[in-house]
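Here is a short briefing on one protein model. Look at the structure first, then work through the points by topic.

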Amino acid sequence: MLAETVVEAARRFGDRTALEESNGATVSYADLDGRSDEVAAGLATRGIGEGSVLLLSLPSGVDYLVAYAAAAKLGAVTAGANPRWAGPERRAVDTAVGADLVLATSSLADGLGEPGGAEVLVLDGDAPLDDLRVAGGTPPPLPSDPERPVCICFTSGSTGSPKGAWFAGRQLTAAADLDTGGAWGGGHLIAGTAMPHVGFMTKVPWQLAGGATIHTMDRWSAGEVLQLVDEHRMPAVNGVAAQIALMLRHPDFDDHDFSCVQAIVVGAGASPPALVHEARERFGAPYSNRYSSTESGGTGLATSLDADDEEALHTVGRPRPGVEAEVRSTDGDPVPAGEVGELWLRTPTAMSGYWRDPGRTAEALVDGWLRTGDLARIDDRGCFRLVGRTGEMYIRGGYNVHPQEVEAVLGTHPAVAQVVVVPRPDDVMGEVGVAVVVATDPDRPPELGDLRAHGADRLAAYKLPQALRLLPALPLNSGDKVDRQRLTADERGG
């Protein structure tokens with residue numbers, strides 16, 4: 001699907017800019033098609049063809065997209081290593097995918113090329129892919145196959161060995177059917193994540209099909225995003241919750257004109273209520289909170305752009321068109337509305353499985369449904385409310401505590417800009433909650449008693465935090481989500 005899209009987009013949009021990097025480097029639609037043809041021909045001379053695995057350890061930019069398109073034209077599957085990973089993380093991914101060839105820059109090659117592993121081509125210079133290009137070359141004909149693997153996307157913030165969700169042409173087509181048009185239209189848009197992320201890998205075909213100019217950053221920058229939105233009069237601001245928070249706190253925010261913004265579209269998981277309220281006020285636009293995951297192909301639930309405060313601030317909305325969602329017990333049976341259980345999704349964009357890992361695939365995919373690992377409940381209006389991850393729940397004195405349920409309440413305190421609740425070992429209670437807070441005003445931070453009093457009317461006493469930790473900013477993982485594992489490890493002395 002990606003290969004065909006690149007060819008057709010070149011015919012329709014020609015010299016229009018397909019992608020622009022922060023440093024000003026660009027590639028037109030016509031050049032994207034031509035360059036990817038020549039790189040595909042070069043990869044073919046190195047034995048890359050249908051069913052091969054190409055691992056990219058490249059910065060997010062023109063060369064990554066060209067290499068991805070080239071691999072798709074050969075019927076090869078592309079896996080990406082996040083540029084923010086360390087050497088051991090790259091090594092683990094290299095081992096997991098069993099790559100036939102690795103393309104890397106020298107700055108992102110650490111951990112790759114272990115004895116017995118794949119060949120690593122280190123590409124540097126102003127035009128790093130030129131050494132691979134065969135002038136005037138074209139890939140061999142490739143029959144259409146919607147089940148052919150196209151990409152492998154690794155989950156962020158996971159523990160243990162890496163999990164690579166793989167997607168075929170049919171999922172990329174389904175993503176296009178669900179997302180085309182969206183809040184972005186066909187003008188300028190920003191790739192809010194690194195290119196190996198599912199938000200780029202599975203969705204770039206429909207962005208190219210619409211003739212968009214995609215702006216990329218090797219490392220995400222709030223200031224640069226704000227400038228791009230203003231300069232190109234973008235109709236939507238998109239990202240994950242932590243990125244929206246960083247935009248709002250950027251010192252240049254009020255120097256920009258955001259009258260062009262018609263929607264704030266925030267993916268991954270629930271946003272803190274205070275963040276939703278502030279973003280709507282300062283951008284002057286509605287806020288759609290979109291729940292998804294790597295395994296779901298970036299598609300799941302969403303709050304409506306015309307949602308009232310209860311839906312917009314405290315839920316992740318309802319299933320998007322073409323998606324089904326249920327809350328189930330540990331036995332896999334649906335639970336009554338209001339009860340907490342695991343969120344299951346059925347969506348045409350869901351992964352085909354974990355790459356070369358049938359055991360974990362069987363655990364995650366059951367009869368066409370995806371077990372998300374997230375805990376949720378359905379309210380009396382049919383909206384879904386997240387309460388945490390199955391592995392994030394902790395037990396205080398015999399009672400289960402779901403952190404996101406507590407965060408949703410504490411996050412409405414006016415002195416709280418961001419809050420995460422994590423467990424701390426306790427000799428008496430087993431575990432107690434610690435509220436890790438970024439204050440709205442660092443000079444007037446909340447006290448523990450303030451937070452407990454604020455939550456007393458909406459939460460049982462055992463759910464309220466028993467300790468407070470103040471930070472200037474919450475740590476983020478490679479997917480720009482709050483790094484709960486790091487915060488929990490800090491409390492456990494790990």
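In this predicted model, Ala-79 has a bridge partner in strand β7, and that partner is Ile-152.

- β4 and β7 are part of an open sheet of seven strands.
- The strand order is β6-β5-β3-β4-β7-β8-β18, and the pairing is mixed.
- Strands of a sheet pair through backbone hydrogen bonds, in a parallel or an antiparallel way.
- Which strands stand at the edges? They are β6 (119-122) and β18 (353-354). Each has a single partner strand, so one side of each lacks a neighbour in the sheet.
- Helix α3 packs on this sheet and touches β3 (53-57), β4, β5 (101-104) and β7. The direction of α3 makes about 175 degrees with that of β3.

**Around His-413**
- His-413 sits in the loop between α13 (403-410) and β24 (416-426).
- Is His-413 buried or exposed? Its relative accessibility is 13%, so His-413 counts as buried, because the cut-off for buried is under 20%.
- The His-413 side chain reaches the backbone nitrogen of Ala-415 at 3.0 Å.
- Beyond neighbours within four places in sequence, His-413 contacts Pro-446, Asp-450, Leu-451 and His-454.

**Confidence**
- The protein chain has a mean pLDDT of 90, and 96% of its residues reach 70 or more.
- Over residues 181-185 the pLDDT is below 50. Beyond near neighbours in sequence, this stretch has twelve contacts in the model.

Technical notes. Residues numbered from 1 in each chain as written. Predicted model: local features only at pLDDT ≥ 70, side-chain atom pairs only at ≥ 80, totals over all residues. Heavy atoms only, no water. pLDDT = per-residue confidence, 0-100. Contact = heavy atoms within 4.5 Å. Pairing = 2+ DSSP bridges. Helix = DSSP H or I, 4+ residues; strand = E, 2+ residues; numbered from the N terminus. Axes fitted to C-alpha atoms, helices over the stretch in contact; angles between N-to-C directions. Buried < 20%, exposed > 50% of the residue type's maximum accessible area, 1.4 Å probe, protein only. Polar contact = N/O pair within 3.5 Å; in protein donor to acceptor, adjacent residues only side chain to side chain.
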